[in-house]
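Subject: A structure for you to look at

Hello,

Here is the structure I promised to pass on to you. Have a look at it first, and then read my notes below.

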Amino acid sequence: MKRRAQPAFAEDPLNPIAPMSKPSPDHDIAALRQNYQSSGLRRSSLEADPVEQFRRWLQQAITADLLEPNALVLGTLNGNRPSSRTVLLKAFDQRGFVFFTNYRSRKAQEITNQPNVSMLFPWYGLERQVAILGPAERISTAESLAYFSSRPFGSRIGAWVSQQSEVIKSRQILEIKWQELKHRFANGEVPLPEAWGGFRVTPLEFEFWQGRENRLHDRFRYQRQDDGNKGQNWSIERLAP
Ligand SMILES: Cc1cc2nc3c(=O)[nH]c(=O)nc-3n(C[C@H](O)[C@H](O)[C@H](O)COP(=O)(O)O)c2cc1C
């Protein structure tokens, strides 16, 4: 009889001398396996424009009630050392994909030196991911201000409090500064911090990934082809899973 993989912490009935081991995350993670059931992504159903394809999938992620559907993992480079972190997508259109952050943070410094970034939207609840590559640049102060003004009071103060990515001695430092600034801006008018604003990523490449049965997933890559004065054009290719 074929034995099913058992969690490492279960007593093994077929091997009574095996000691009861402690839960082992290594073992458990290796045994985790999801068989994707989706009916897939077809070339014929893709939008010609990847921004429109992204819009469709983001809408579906929102409708499916995924947690943080606009969260993405942003990858940046410091020389040949990559780093990544989650940020929230706050706007997108034909010009690019916008997120907000501290301009003195690690990510912002890395972007200043090397503007090419990766963005990954992990929509596991839909057995999907979307990867986007392209250069990032700062948006205008006016655009940053428009978004900043729409944020709740606490978040606007928070942007002033935190010297993002700096080493700090204690949490208390943050809390004291928060109280101080809350009083300073008690009238509710919080100016845009000089070191806070948005970046826009101009996409050069997209990949849409849809999980399928037996690991035969669907992957489609769009690459931007600049077509002289006719504007943008996108090639579409299927990739092996
Ligand atoms: C769900 C989620 C959303 C986040 N959104 C943002 C964001 O929009 N902007 C941001 O600067 N940091 C955001 N963060 C925090 C970043 O992941 C990161 O810790 C911070 O930006 C500092 O990164 P850095 O030191 O690499 O620059 C978010 C974290 C999580 C988990």
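This is a predicted model: local features need pLDDT of at least 70, side-chain atom pairs count only at pLDDT 80 or more; totals for chains, interfaces and linings use all residues.

Strand β4 covers residues 116–123 and strand β5 covers residues 128–138; they run antiparallel and 8 bridges join them. Between the strands of this hairpin there are 4 residues, and E127 takes a positive phi near 55 degrees.

Strand β5 has other partners too. With strand β7 (residues 205–210), β5 pairs in the antiparallel sense over 6 bridges. Here Q129 turns up again, standing opposite W209 in β7. Strand β6 (residues 196–201) is also paired with β5 in the antiparallel sense, over 3 bridges.

Now for the helices. Helix α5 (residues 153–161) packs against helix α6 (residues 171–184) at an angle of about 120 degrees, and their axes are 9 Å apart. An angle from 65 to 115 degrees would count as roughly perpendicular and one over 145 as roughly antiparallel, so α5 and α6 are oblique to each other. Their crossing is right-handed.

Which residues meet there? From α5 come I157, W160 and V161, and from α6 come L174, K177, W178, L181 and K182. Sorted by type, the residues of this contact are 6 nonpolar and 2 charged, with no polar ones.

Enjoy exploring!

Best wishes

Notes. Residues are numbered from 1 along each chain as its sequence is written. Axes are lines fitted to C-alpha atoms, for helices over the stretch in contact, and angles run from 0 to 180 degrees between N-to-C directions. Helices (H or I, at least four residues) and strands (E, at least two) are DSSP runs, numbered from the N terminus. Angles under 35 degrees count as roughly parallel, over 145 as roughly antiparallel, 65 to 115 as roughly perpendicular and the rest as oblique. A crossing is left-handed if the near helix is turned anticlockwise from the far one by less than a right angle, and right-handed if clockwise. Two residues are in contact if their C-beta atoms, placed from the backbone, lie within 7 Å. Ala, Val, Leu, Ile, Met, Phe, Trp, Tyr, Cys and Pro count as nonpolar, Asp, Glu, Lys and Arg as charged, and the others, Gly among them, as polar. Two strands pair if DSSP finds at least two bridges between them.
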